[in-house]
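Here are my notes on the chain, in numbered points. Please read them with the structure open.

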Amino acid sequence: MRFQVRIANTGETIACPSDVPILHAALNAGIDFPYICASGNCATCICILKSGEVSMLAHGDGALSLAQRQEGKILACRARPRSEVEVEWLGRGRR
């Protein structure tokens with residue numbers, strides 16, 4: 001199954017399979033999404049989930065705390081869409 005993911009920072013909408021993390025789909029679509037490790041340990045890809053639902057793969061506790069999750073923050077490298085979603089990254093692009 002594929003879902004539409006809107007990247008608020010760029011205004012772009014991409015298709016993301018439900019078994020692919022949002023970061024990977026964004027990079028494959030040519031979006032300059034901020035990241036370093038892409039494995040859930042650095043928090044460079046931290047985002048606010050503005051709408052929709054995601055499932056989170058395992059990640060380092062230091063990268064995303066319980067308080068941050070309760071505030072609606074996710075790690076794009078570990079988040080797979082479960083509906084149409086909109087995210088806004090909090091880091092900067094890799095330039």
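1. Contact here means heavy atoms within 4.5 Å. The model is predicted. Among contacts in the chain with a separation of 6 or more, 62% join residues 24 or more positions apart.

2. What does the secondary structure of the chain come to? The count is 2 helices and 7 strands. Along the sequence, these elements run β-β-α-β-β-α-β-β-β. The chain is as compact as a globular protein of its length, because its radius of gyration is 12 Å and the globule rule gives a close 12 Å for 95 residues.

3. Next, the overall dimensions. Taken along the principal axes, the box filled by the C-alpha atoms is roughly 30 × 30 × 20 Å. The accessible surface comes to about 5,000 Å². Carbon and sulfur atoms hold 46% of that surface. As for burial, 38% of the 95 residues count as buried.

4. On charge, the chain carries 11 positive and 9 negative side chains. How far apart do the centres of the two sets lie? The separation is 4 Å.

5. Pro 34 sits in the loop that runs between helix H1 (22-28) and strand S3 (46-51). Is Pro 34 buried or exposed? Pro 34 counts as buried, because its relative accessibility is 0% and the cut-off for buried is under 20%.

6. A distance to check against the model: Pro 34 and Gly 11 lie 15 Å apart in space, C-alpha to C-alpha. In sequence, 23 residues separate Pro 34 from Gly 11.

Notes
Residues numbered from 1 in each chain as written. Predicted model: local features only at pLDDT ≥ 70, side-chain atom pairs only at ≥ 80, totals over all residues. Heavy atoms only, no water. Helix = DSSP H or I, 4+ residues; strand = E, 2+ residues; numbered from the N terminus. Buried < 20%, exposed > 50% of the residue type's maximum accessible area, 1.4 Å probe, protein only. Rg over C-alpha atoms; globule rule 2.2 N^0.38 Å. Areas by Shrake-Rupley, 256 points an atom, 1.4 Å probe, with all protein chains shown as cover. Lys, Arg positive; Asp, Glu negative; His and termini not counted. Charge placed at Lys NZ, Arg CZ, Asp CG, Glu CD.
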